[in-house]
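Please look over the model shown here together with the notes that accompany it. The report is written for a reader who wishes to check each point against the coordinates.

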Amino acid sequence: MKLPTRAHVVLNNPQFLMTPVLQVNNLQVTYYTEGGRVRALDGVNLELDSGEKMGLVGESGSGKSTMALAMMRMIKSPGRIDGGRVVVDGVDITALSENDMREARLSRISYIPQGAMNSINPVLRIGAQMKDAMQAHAKHFSSTEIQHRIDEALVSVDLRPTVARMYPHELSGGMKQRVCIAIGILLKPKVIIADEPTSALDVVTQRQVMQTLDTVQAQLGCAIILIGHDMGLMAQFVDKVAVMYTGRLMELSPVSEMFAKPLHPYAQALINSLPDLKKRGVFHGIPGLAPALLRLPPGCSFHPRCPIAQDSCKQIVPAFEEKLPGRFVACHFVEKA
Ligand code: SF4
């Protein structure tokens, strides 16, 4: 099956030629722990258009999942959103009441968490779990509408409607992950966040799951944020990539430009660390370890590992700025065009 390209989707949907469907402005999340204040997200800014796919990458603990939870307003105590806004389709969801936010989840923005397929209840039929999800977030649907939407969502992810009558143990891993995507699109969200949707799946099934996300996006015209470590997967499926480090965005660039010429030293190190068939047997790791968020170094948090760090890097936090058209970088030594 030939999947529509983003350009095709955009050109055929005039609704896409508007303002970004997702705007994240200066988002800040802090965890108030016994050991001290941990700034898990430190002023994140990004925008995403309808029909766009963005990959969010970074080492473990860099803030990727915190970012997803913050956008869903699902940060639990002792953490909290300390500042900033998340605007989805023109609505600032950080300002919504708890009730309105419950309705916004799944209908405006939906989240397919890491390991979602393992959280499907093993003793409930798929249809019952989908119905529960719908009723938890939208009270106004009749039984007929719920059934219709469940069937529609299952077909969208290339599953038969009869899957609704099955139990999770009757499904393969790939089918379970597609059920999770079907649950995520039940209320036709404008933004879908998929946290490592292909982890623990074989490569063939990974591809099917990614194609399912592509199909769903073409049908709904939504934006997708794909969280993960797999740069190869990102290279194939996303339009742009955001690189996170210690709760800050280091670079946000179109995917082809990021891979061809990463601008930020950390993004360069990440791309250089990828295996390359032309350089068999040669691996370039990133020296040192990411610092603990409780003891972040002053200035640029990457400076202890950065090969070109200068004295100013140890004192001044670099601003996250558009250095080239469409390319945002937080580094003192990447010149603006
Ligand atoms: Fe390296 Fe300085 Fe740029 Fe940070 S600001 S990435 S330490 S050169």
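**Ligand site**

The structure is a predicted model, and its ligand takes up the space that forms the largest cavity. Around this ligand stand His-264, Pro-265, Cys-300, His-303, Cys-306, Ile-308, Ala-309, Cys-313, Pro-318, Cys-331, His-332 and Phe-333. By residue class, the shell around the ligand divides into nine nonpolar and three polar residues, with no charged residue in it.

**Helix pairs**

Two packed helices are described by the angle between their axes and the distance between the axes. The table sets out these values for two pairs in the model.

| Helix pair | Axis distance | Crossing angle |
|---|---|---|
| α6 (residues 173–184) and α7 (residues 203–220) | within 10 Å | roughly 20° |
| α4 (residues 126–137) and α5 (residues 143–156) | within 10 Å | roughly 115° |

Because angles under 35 degrees count as roughly parallel, α6 and α7, which cross at roughly 20°, are roughly parallel to each other. The range of 65 to 115 degrees counts as roughly perpendicular, and α4 and α5 are therefore roughly perpendicular to each other. As to handedness, α6 passes α7 in a right-handed crossing, and the crossing of α4 and α5 is right-handed.

**Backbone geometry**

Most residues other than glycine have a negative phi, and most peptide bonds are trans. Against that background, where does the model have a cis peptide bond, with omega of about 15°? The cis bond joins Ser-77 and Pro-78, and Pro-78 itself belongs to the loop that runs between α2 (64–71) and β4 (79–88). A positive phi in a residue other than glycine is found at Asn-26, where the value is near 50°; Asn-26 has its place in strand β1, which covers residues 22–33.

Terms used. Residues are numbered from 1 along each chain as its sequence is written. This is a predicted model: local features need pLDDT of at least 70, side-chain atom pairs count only at pLDDT 80 or more; totals for chains, interfaces and linings use all residues. Side-chain values use heavy atoms; hydrogens and water are left out. A residue is near a molecule or strand if one of its heavy atoms lies within 4 Å of it. On a 1 Å grid over the protein atoms alone, a cavity is a set of points where a 1.4 Å probe fits but cannot get out, and a pocket is an open set with protein on both sides within 12 Å along at least five of seven lines; lining residues have an atom within 4 Å of a point. A molecule sits in a cavity or pocket if more than half of its atoms lie within 2 Å of its grid points. Ala, Val, Leu, Ile, Met, Phe, Trp, Tyr, Cys and Pro count as nonpolar, Asp, Glu, Lys and Arg as charged, and the others, Gly among them, as polar. Axes are lines fitted to C-alpha atoms, for helices over the stretch in contact, and angles run from 0 to 180 degrees between N-to-C directions. Helices (H or I, at least four residues) and strands (E, at least two) are DSSP runs, numbered from the N terminus. Angles under 35 degrees count as roughly parallel, over 145 as roughly antiparallel, 65 to 115 as roughly perpendicular and the rest as oblique. A crossing is left-handed if the near helix is turned anticlockwise from the far one by less than a right angle, and right-handed if clockwise.
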